[in-house]
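Me: I have a model to read for class. Can we go through it together, slowly?

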Amino acid sequence: MLNRNKLLLLLFLLGAGTLCAQYPTIRERVQNLQDFDQKFLHYGYFVGFNNYGYKIEYDKTYSGPSALNGRGLPDIELVKNTGFNVGLIGDLRINKYLNLRFEPGLYYSQRDLLYPEATPNLLTDQDRIREVKSTYIHLPLLVKFNSIRVNNFKPYVVGGISTSFNLSSNKKSSDDNSSNVFRVQSQTYNYEIGFGVDFYLPYFKFSPSIRGVFSVDNEIIQDVDPNSPWTSNINNLFTQGLIINFTFE
């Protein structure tokens, strides 16, 4: 999942480089919102989509051959579902090329873990599927690196840190996977990087963007049973997500 997200971001960054290389050939036109970027502080909102997954780090015996005391199991299949984002934006101008942005939002997502049929003690289809639904309060603090504005558009790259509070983590639940409750940590810290384009329209600025989110915290909470077929195989679980936002400022 990590390689796929990085590849998508790389393609967008390459597109930005190509766009910048074409700047000298673009003719000047009447500019909308000419003084917009001179504001010290401005606000906006965003709506968008997300595609969250996990980076799974297995116990060293999970996929090893049984001859070496391993379990010889294939990887757990991860099914990612498209989620929805909505939130607000606060933008602080540092200089012509830098802005500091705070983008608090509410993010809904779902990931399904499909355990291999060969996993011991998982006898039914219901046992082999765990739906991990997440409702995040996502709080990113980002630095926006702007290119030179040409006519009514301006590419940019953005990066920073964030924290997420998962309201559906089940961390405090007394039930675990034996009762079909998959538990994860309620708070994580992340780093983010992405790319977007500002379009200056007559009455507002519209900015589509794409961003990768990568957690640095292990999120899995082990079941009470140390030999649980759902969690004993997993040492670490890290969120990795792709976010597409449409911003109106």
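Me: Which strands each supply at least two residues of the lining of the largest pocket?
Reply: They are β2 (77-93) and β5 (129-146). Helices (H or I, at least four residues) and strands (E, at least two) are DSSP runs, numbered from the N terminus. On a 1 Å grid over the protein atoms alone, a pocket is an open set of points with protein on both sides within 12 Å along at least five of seven lines, a cavity is a set where a 1.4 Å probe fits but cannot get out, and lining residues have an atom within 4 Å of a point. Please keep in mind that this is a predicted model, where local features need pLDDT of at least 70 and side-chain atom pairs count only at pLDDT 80 or more, while totals for chains, interfaces and linings use all residues. Residues are numbered from 1 along each chain as its sequence is written, and side-chain values use heavy atoms, with hydrogens and water left out.

Me: How much space lies in the largest pocket, and which residues lie nearest its centre?
Reply: About 300 Å³ of space lies in it, a volume being the space filled by probe spheres set on the grid points, which are joined across faces, edges and corners. The lining has 19 residues, and Asp-37, Gln-38, Lys-96, Arg-149 and Lys-154 lie nearest the centre.

Me: What classes does that lining have?
Reply: There are nine charged, eight polar and two nonpolar residues in the lining of the largest pocket. Here Ala, Val, Leu, Ile, Met, Phe, Trp, Tyr, Cys and Pro count as nonpolar, Asp, Glu, Lys and Arg as charged, and the others, Gly among them, as polar.

Me: And how many cavities of 30 Å³ or more does the structure hold?
Reply: It holds one, and the largest cavity has a volume of about 70 Å³. β5, β6 (153-166), β8 (205-215) and β9 (234-248) each give its lining at least two residues, and the lining residues include Arg-101, Glu-103, Tyr-156 and Asn-245.

Me: Stepping back, how many helices and strands are in the chain?
Reply: The chain has two helices and nine strands, and from the N terminus on they run α-β-β-β-β-α-β-β-β-β-β. Of its 249 residues, 46% are buried, where buried means under 20% relative accessible area, exposed over 50%, and partly exposed in between (1.4 Å probe, protein chains only).

Me: Which residues of the largest nonpolar core touch the most other members?
Reply: Among its 16 residues, these are Tyr-54, Ile-56, Ile-76, Leu-113, Tyr-115 and Phe-182. The elements giving two or more residues to this core are β1 (41-58) and β9. A second, separate core of seven residues includes Tyr-52, Ile-89, Tyr-136 and Val-213. A nonpolar core is a set of buried Ala, Val, Leu, Ile, Met, Phe, Trp, Tyr and Cys residues joined through side-chain atoms within 4.5 Å.

Me: Let's pick Val-213, then: what does it touch, not counting residues up to four places away in sequence?
Reply: Val-213 is in strand β8, and it counts as buried because its relative accessibility is 1%. Its contacts (heavy atoms within 4.5 Å) include His-138, Tyr-191, Thr-239 and Ile-243.

Me: Is Asn-50 buried or exposed?
Reply: Asn-50 has 2% relative accessibility and therefore counts as buried; its place is in strand β1. Its side chain makes a polar contact of 2.6 Å with the side chain of Asn-85. A polar contact is a pair of N or O atoms within 3.5 Å; within protein, one must be able to donate a hydrogen and the other to accept it, and residues adjacent in sequence count only if both atoms are side-chain atoms.

Me: Why does Arg-130 count as buried?
Reply: Arg-130 counts as buried because its relative accessibility is 3%, and the residue lies in strand β5. A polar atom of its side chain lies 3.1 Å from the backbone oxygen of Gln-126. Leaving aside neighbours within four places in sequence, Arg-130 is in contact with residues including Asp-112, Asn-180, Phe-182 and Trp-230.

Me: Back to Asn-180: what is its phi, and where is its place?
Reply: Asn-180 has a positive phi of about 65° although it is not a glycine, and it sits in the loop between β6 and β7 (187-200). With a relative accessible area of 41%, Asn-180 is partly exposed.
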